[in-house]
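Let's take a walk through this protein, one spot at a time. Have the sequence and the 3D view ready.

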Amino acid sequence: MEFFIDTGIVDEIKAAAKWGIVDGVTTNPTLIAKSGRTQADVIKEICAIIDGPISAEVIATDTVGMLKEARELTKIHDNVVIKLPLTADGISACHALSSDGIKTNVTLCFSANQALLAAKVGATYISPFIGRLDDLGQDGCQLIEEIRTIYDNYGFTTKILAASIRHPMHVRDVAMIGADVATMPYKAMEQLFHHPLTDRGLEQFLADHAKSQK
Ligand code: G3P
């Protein structure tokens, strides 16, 4: 399973990169706005830190505008993946980009049928937002299960990129289901390391070692 970090904050990416578990990065307009910098500057810097897929999202809502933005974004670096919204125009743009061999990430997916549309136009990644579904009292992980079944039924190669992950249980759940990638904020990634028994056990080992040295 691949781990992507979901942020536009370069310092978070640098810190997580040191752990050796980051395979790629996802951003969106909200995350870029939080960085207070331009998308082009942030993406350029991220590409110098992580050698893996880096998603950059288009702002245009019409196919022609999306393709124009995609052409500019792909000039930044070969690792840039074009993130497109799951709308009719976004799916149409995805079809055009897939035909040109450009990697895509179809975002804002909230249903299995939407994921089917993205797979049919050859999206590289589909991003179902599990946390936002949970926020509505729905089951985000059930959506991941549905998409996994459908993609496996037909041999679609679009990768399931579980997004809107809020906590370590989401990571465990989507890994159990067989999502290809989990993208998560820095905080959720950092939480994966922790267990109170690990801390307590280590404390005990160090105390016993110190005693044995006396
Ligand atoms: O990048 C897309 C997604 O991961 C956003 O998550 O927490 O804003 O629902 P969130």
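## What covers helix 8

The buried residues of helix 8 are covered by elements that include strand 5 (104-109), helix 6 (112-120), strand 6 (125-128), helix 7 (130-135), strand 7 (159-162) and helix 9 (168-177). Helices (H or I, at least four residues) and strands (E, at least two) are DSSP runs, numbered from the N terminus. Contact here means heavy atoms within 4.5 Å.

This is a predicted model, where local features need pLDDT of at least 70 and side-chain atom pairs count only at pLDDT 80 or more, while totals for chains, interfaces and linings use all residues. Residues are numbered from 1 along each chain as its sequence is written, and side-chain values use heavy atoms, leaving out hydrogens and water.

## Helix 8 itself

Which residues of helix 8 are buried? They are G140, C141, L143, I144, I147, R148, I150 and Y151. Buried means under 20% relative accessible area, exposed over 50%, and partly exposed in between (1.4 Å probe, protein chains only).

Now look at the ends. D139 caps the N-terminal end, with a side-chain oxygen 3.1 Å from the backbone nitrogen of C141. Just after the helix, G155 takes a positive phi of about 70°.

S127 sits in strand 6, and it counts as buried because its relative accessibility is 2%. Leaving aside residues up to four places away in sequence, S127 touches N105, V106, T107, L108, C109, L161 and A163.

W19 is in the loop between helix 1 (10-17) and strand 2 (24-26). Its relative accessibility is 30%, so W19 counts as partly exposed.

Terms used
Polar contact = N/O pair within 3.5 Å; in protein donor to acceptor, adjacent residues only side chain to side chain.
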